[in-house]
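Subject: Structure handover and findings

Dear colleague,

Please find below the structure that I am handing over to you. My findings follow it.

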Amino acid sequence: MPQNQFYVDSDKLTKQALDHKHRLEYDPSSRTDHMAYMEGMEQISSDIMDKVLTQMQSYDYESYTDADVQRALMHETCSVEDFKALLSPAAAPHLEEMAAKAKLETGRHFGNTVYLFTPLYIANYCENYCVYCGFNCYNDISRKKLTLEEIEHEMKVIADSGMEEILLLTGESRKMSSLSYIGSACKLAAKYFRNTGLEIYPVNSGDYRYLHECGADYITVFQETYDADQYEKLHLMGHKRVFPYRFEAQERAILGGMRGVACSALLGLSDYRKDALASALHVYYLQRKYPHVEYSLSCPRLRPIVNNDKINPRDVHETQLCQILCAYRIFLPYAGITVSSREQGRFRDGIVKIAATKVSAGVSTGIGDHESKYHGTKEADTGDEQFEISDNRSFDRMYEDIASAGLQPVLNDYIYVS
């Protein structure tokens, strides 16, 4: 059975599905070529992937010295070589200097502001087999897809809290979360929010254009890891297995008219320094090719997931994450930096004073349970969460904590003209 047609549509795995899962895990020859586009996938003419991967593969971070780091910190403009030095182990003793420089850049370009948003998961069905993800099609979890009525109810609960920006998320199943279904959710979001983002399966530029016309403002796509060899070992089945199609998603979204795009690696899946370099270079080269677009970086680390006690952010600690974020800010002073509720509250409270510009609040990674999160009621039929979060603060509490730290919480700063 062709892998791109295999679909696990039941919460209970059949023997056929389990046999297929076993073959994928232990027989690499049973997997499709992760660098080959599948039927229907748009191929664009772009050299950005080659530029990013060439820089990443040649990056020898152990070769950078203390003198290289000091020179990088002295420069007014951070070059690619300077950025590589700031990501290297040699920069660790200079973290306070990096933080001071990052804070200066953040204040210069973003002022004293911190943006707030809330994610809304509307479905957790998935056709991919990614070994580290709670939504993967072989994980025996409670699956749910919200109806449009349920979506609107969730949106009203969130909007009533005061939130003005929402990020809509689905599992990566075009069968269960069709383009028209996502488009309808975008149209509903326009009734309640001023800014709508999407974190869904990658699509073609024409599809992104349709979603933008439905009301989507920006998209986020996690490359997960930019190490193509490791990527192949982690993504065993589904459209997500195709490395170049995923890499080019942000550029297709730009071609489809999206106002903003976000890039990210899931730190800890591979060599985190190289993944951090590649994430930032992805934005760097896009920014030079399409200067009119708003760019941002996310910086998630691995978190525990349902039915898998081996998934943990063991390799990337908070000090290392802080170094990465400070290096991001110095290298890309105009880019937004989002720190999600995967991180603990005290870390997020500290990093927004230095480098981060956007945080989530009132977060639920389950399906259809904002009612219970916000009002203390328990929904009878909710879908399982994608991963465990660390910061459970409500929107009101997050707003108050940001303001009490002397920062300005921002819910929306766009002016819409008809």
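Which residue is the bridge partner of Tyr115 in strand 11? The partner is Val410.

This is a predicted model, in which local features need pLDDT of at least 70, side-chain atom pairs count only at pLDDT 80 or more, and totals for chains, interfaces and linings use all residues. Residues are numbered from 1 along each chain as its sequence is written, and side-chain values use heavy atoms, with hydrogens and water left out.

Helices (H or I, at least four residues) and strands (E, at least two) are DSSP runs, numbered from the N terminus. Two strands are taken to pair if DSSP finds at least two bridges between them. Strand 1 covers residues 113–123, and it pairs in the parallel sense with strand 11 (residues 408–410) over 3 bridges. Strand 10 (residues 358–360) also runs parallel to strand 1 and is joined to it by 3 bridges; there, Val359 stands opposite Leu116.

Helix 2

In helix 2 (residues 48–57), the buried residues are Ile48, Met49, Val52, Leu53, Gln55 and Met56. Seen down the helix axis, they fall within an arc of 160°, so they line one face of helix 2; the arc is that of the directions from the axis to the C-beta atoms. Thr54 and Gln57 are exposed on the face turned away from the buried side. The buried residues pack against helix 4 (80–87), helix 10 (243–247), helix 11 (249–255) and helix 12 (272–289), contact meaning heavy atoms within 4.5 Å.

Glu224

Glu224 is found in strand 5 (residues 218–224). Its phi is near 75°, a positive value in a residue other than glycine. Glu224 counts as buried because its relative accessibility is 6%.

Yours sincerely

Methods: Buried < 20%, exposed > 50% of the residue type's maximum accessible area, 1.4 Å probe, protein only.
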